[in-house]
Amino acid sequence: MLVPAVLLLLFCAQCWSSPCPAGCECFTLTRTVKCVSQDLVSVPKGIPGYARTVVITGNSVARVGADSLAELENVTNLILSSNRVTELTSHSFSALLNLRFLDLSGNQLALIHPEALSIPGSPLQELNLSRALFNFTSLTDLTTALRWGDLRGLLRLDLSGNRLALLPPGMFSHLPNLQQLILTNNSLMAVYTGTFSGMNHLKLLDLTRNSFKTLRVDDLQELEKLGNIQILLGSNPYSCSCESESFVAWLNQSRAQVDLEAVRCSSPAALTNSRLRGLGLHSLGCVVPLQPELHDISLQTSYVFLGLVLGFVGMVFLFVLYLNRKGMKKWINEMRDACRDVLEGYHYRYEIDSDPRLGHIAAGRGRSPAATHLRPSLSQQLPTDTCVVSPEAPLTPVMTSPPQSR
């Protein structure tokens, strides 16, 4: 019993002999160093080598570089939250070969080097970037850093509270072993194709407190690719209209473990706080389609009704004709006489036009009606060798000699 006690005293004496940086607190039993709200402008030097957890928060450390953390090779948990950090340089954490947990939440990261998160051996398992990105450019830099950082050992990534409106396709494709992705409290409105590609080991996806009004067919297909995982979709301003029909159907049939009790309507007022799951088409304001059998019956009924209407109209028409049969007969006779007169006129005109000897009669203008009626008789009385001379033609005297006697 004395030997372990002596060894413990020797270890504690060695720990107590290690100085603690100014403005920090060192706890040997828990191997923790805390530098909280001391207006530090850089990571303090001289952190004891026994430290496994280093907490530097509430300061003004604007830049984190490889030289800042060179003495922390034994640290497994590094918390740099709320330090107003704006820049991560190349290989900022490459000296932390045993780093498992990195917290950069509550900062204002504007510049992230593509190799800022690169650590030999990929020991990092959890990365907290909640409320850490300054603008959309920071998101682009982070996407590149995740691709180049070789973070194949990362299991949990927290990007909550960054006002993200969209996620670049393939942003997480280089995190093959990621199990938990936290995207709560952002401004996401849609899930684009390829957003979660390559995430074959994901177990938890948190999309709560975003700006989803509904999830379209493309969004649902992307979520369905994740398989039987836990998806948190609550606390979003869902609009329970006919546009949510596919979303409601997916909630009823999906393999995913969805927080169904938290997925509720925000509008319209009549459905506020109602669960989306179980809402019918009538509740969503959709026109309910007819079943095929009902559609066939209604079509047959329409044909029968149309036949009855046409039959009734035909009977009325025949009845009207029967009542006006005398007038119809008179009208038909008059039409027959009129047609016969027209045909006789055409026949007379054809005879005049076909005889060249009578062409001048048809061409004459200003003749009396009496002359017109005399035309048929003249054509009948004239012999075939008679020459009809027009009055307008000039007359030339012809001198004839008496016949000579033989």
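Predicted model: local features only at pLDDT ≥ 70, side-chain atom pairs only at ≥ 80, totals over all residues.

Me: Why are the rings of F172 and F196 called stacked?

Reply: Ring centres must lie within 6.5 Å to pair, and planes under 30 degrees apart count as stacked. The centres of F172 and F196 are 6.4 Å apart and their planes stand at 15°, so the pair is stacked. The structure holds three aromatic pairs.

Me: What makes this a pair that ties together parts apart in sequence?

Reply: F172 belongs to the loop between β10 (156-158) and β11 (180-182), and F196 to the loop between β11 and β12 (204-206); the pair therefore ties together parts that are 24 residues apart in sequence.

Me: How do you know whether F172 and F196 are buried or exposed?

Reply: Buried means under 20% relative accessible area. F172 has 0% and is therefore buried. F196, with 4%, is buried as well.

Me: What makes F247 and W250 an aromatic pair, and of which kind?

Reply: Their rings are 6.4 Å apart from centre to centre, with 20° between the planes, and the pair is stacked. The limits are 6.5 Å for the centres and under 30 degrees for stacked planes. F247 and W250 are both in helix α4 (residues 245-253), three residues apart, which is about one turn of the helix. Both residues are buried. Together with Y238, F247 and W250 form one aromatic cluster.

Me: Why are β1 and β15 said to stand at the edges?

Reply: The open sheet has eleven strands in the order β1-β2-β3-β5-β7-β9-β10-β11-β12-β13-β15, with mixed pairing. β1 (25-27) and β15 (257-258) each have a single partner strand, so one side of each is left without a neighbour in the sheet.

Me: How do you know that β5 and β7 pair?

Reply: A pair of strands needs at least two bridges. Three bridges join β5 (residues 77-79) to β7 (residues 101-103), and these strands run parallel. L78 stands opposite L102 in β7.

Me: Why is I332 called partly exposed?

Reply: Partly exposed lies between the 20% limit for buried and the 50% limit for exposed. I332 has 47% relative accessibility and therefore counts as partly exposed. This residue is found in helix α6.

Me: Which residues form the nonpolar patch on the surface?

Reply: F317, L318, L321, M328, W331, I332 and M335 form the patch, with about 690 Å² of accessible area together. Two or more residues come from each of α5 (292-323) and α6 (325-354). α6 gives the most, with four residues.

Technical notes
Residues numbered from 1 in each chain as written. Heavy atoms only, no water. Patch = residues over 30% accessible without salt bridge, like charges linked within 9 Å, V, L, I, M, F, W, Y side chains within 5 Å. Areas by Shrake-Rupley, 256 points an atom, 1.4 Å probe, with all protein chains shown as cover. Salt bridge = Lys/Arg side-chain N within 4 Å of Asp/Glu carboxyl O. Buried < 20%, exposed > 50% of the residue type's maximum accessible area, 1.4 Å probe, protein only. Phe/Tyr/Trp six-rings, centres within 6.5 Å; stacked < 30°, edge-to-face > 60°.
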